[in-house]
Amino acid sequence: MKIACLGWGSLIWKPENLPVVGEWQTDGPLLPIEFARVSDGGELATVICVNAAPVQVLWAWLDFEDVTVACDALRQREGIDEERVDGIGLLIIDDTPEGELAEWAQEHGIEAVVWTALPAKSAEMEGRAPTVTEAVAYLDSLTGETREHARDYVKSVPEQIDTVYRRAIVEALGWQ
């Protein structure tokens with residue numbers, strides 16, 4: 001099975017043990033991505049966010065033929081607990097693709113797509129996206145190594161992930 005992984009954050013520049021084949025491609029599908037998840041490292045990570053405007057994400061082939069193994073490898077890379085059911089997304093493409101993601105995948109010869117599916121997280125509340133004002137205030141409140149890490153994250157996210165929050169962060173904090 002030909003399996004691809006979608007990416008829009010640190011997975012792109014830091015795949016670690018995830019066996020990506022070749023370079024990340026910039027012609028991925030359009031997905032609603034935003035800097036909307038306070039992560040363990042303190043950064044405001046990019047996630048699929050239902051209220052965000054769509055941006056073109058990146059994608060890469062994975063060196064797997066089994067979707068279960070691919071999902072487990074992505075889960076391990078992302079540090080997602082095995083009991084968590086919402087952490088990894090999976091779409092298997094058949095002969096009659098339904099929807100934009102399936103159609104995009106079929107056009108690229110992809111038989112299955114996996115992605116990180118963690119929700120937004122703000123103020124320790126899973127599923128709640130911060131407002132743009134809260135996001136900027138949160139990042140501005142960080143100090144020391146945590147602030148440097150958060151700044152480096154924003155600067156490392158590919159430029160094509162051009163979101164409303166990113167533009168506000170760059171304007172307010174100069175992180176570009």
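Asp81 sits in the loop that runs between helix 2 (67–78) and strand 7 (88–92). Helices (H or I, at least four residues) and strands (E, at least two) are DSSP runs, numbered from the N terminus. This is a predicted model, where local features need pLDDT of at least 70, side-chain atom pairs count only at pLDDT 80 or more, and totals for chains, interfaces and linings use all residues. Residues are numbered from 1 along each chain as its sequence is written, and side-chain values use heavy atoms, with hydrogens and water left out.

Asp81 has 46% relative accessibility, so Asp81 counts as partly exposed. Buried means under 20% relative accessible area, exposed over 50%, and partly exposed in between (1.4 Å probe, protein chains only).

Now the aromatic rings. How many aromatic pairs does the structure hold? There are four aromatic pairs. Rings of Phe, Tyr and Trp (its six-membered ring) pair if their centres lie within 6.5 Å; planes under 30 degrees apart count as stacked, over 60 as edge-to-face and the rest as tilted.

One of the pairs is Trp13 with Tyr153: the ring centres are 5.5 Å apart and the planes stand at 65 degrees, so this pair is edge-to-face. Trp13 belongs to helix 1 (residues 10–13) and Tyr153 to helix 5 (residues 144–156), so the pair ties together parts that are 140 residues apart in sequence. Trp13 is partly exposed, at 35%, whereas Tyr153 is buried, at 5%.
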